[in-house]
Amino acid sequence: SSTVENIIQGSVKERIDRWVARYPDDQKQSAVMAALRIVQETNGGHLTTELMDQIADYLEMPPIAVYEVATFYGNYEHEPVGKHKICLCNSISCMLRGNDEILAHMEKKLNIKPGEVTEDGRFSIKKVECLGACGGAPMMQIGKTYYENLTEASVDEILDGLE
Ligand code: FES
């Protein structure tokens, strides 16, 4: 009953097939992580239930098994993301040190809430679990970079300084 076009065709299918070919015929589910990554990339950086269902179909595995992998590992997105994906730590040390004020400031500045993307596609905000930099709370990660001891002023400087 899907109205979504099948994403697993053409070059996307070829890329997934290259992974599938690495495993014995009865173990093609082993390509699920690669398939999720490729489909996520093709879909502009995030997965949807329909797309995960297509992967399940293609790899002949139960949809629930695909959802499990896609939610267990932190490298899959289930909401649209911007060019710069702001991951704001939402765990205890960062909470105690004012991450809610930082979030409120970013929401106002960018005019989006967590799970949304700015109109120009540049930024999205995601609340994440402890990133292991509690000594620098409150903190966020954008790309591979950690930004610590955030203040409203430093957030402005960081975001305005990104390409
Ligand atoms: Fe925020 Fe650990 S609680 S980095």
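In which handedness of crossing does α2 pass α3? Helix α2 passes α3 in a right-handed crossing, a crossing being right-handed if the near helix is turned clockwise from the far one by less than a right angle, and left-handed if anticlockwise.

This is a predicted model, in which local features need pLDDT of at least 70 and side-chain atom pairs count only at pLDDT 80 or more, whereas totals for chains, interfaces and linings use all residues. Residues are numbered from 1 along each chain as its sequence is written, and side-chain values use heavy atoms, with hydrogens and water left out.

Helices are DSSP runs (H or I, at least four residues) numbered from the N terminus, and their axes are lines fitted to C-alpha atoms over the stretch in contact, with angles from 0 to 180 degrees between N-to-C directions.

| Helix pair | Axes come within | Crossing angle |
|---|---|---|
| α2 (residues 32-42) and α3 | 10 Å | roughly 140 degrees |
| α3 (residues 49-58) and α4 (residues 63-72) | 8 Å | roughly 120 degrees |

The angle makes α2 oblique to α3, where oblique covers what is left after under 35 degrees (roughly parallel), over 145 (roughly antiparallel) and 65 to 115 (roughly perpendicular). Val 32, Ala 35, Leu 36 and Val 39 of α2 make the contact with Leu 51, Met 52 and Ile 55 of α3, contact meaning heavy atoms within 4.5 Å.

Helices α3 and α4 are likewise oblique to each other, and α3 passes α4 in a right-handed crossing. Here Thr 49, Met 52, Asp 53, Ile 55 and Ala 56 in α3 meet Pro 63, Val 66, Tyr 67 and Ala 70 in α4.

Definitions and conventions
Helix = DSSP H or I, 4+ residues; strand = E, 2+ residues; numbered from the N terminus.
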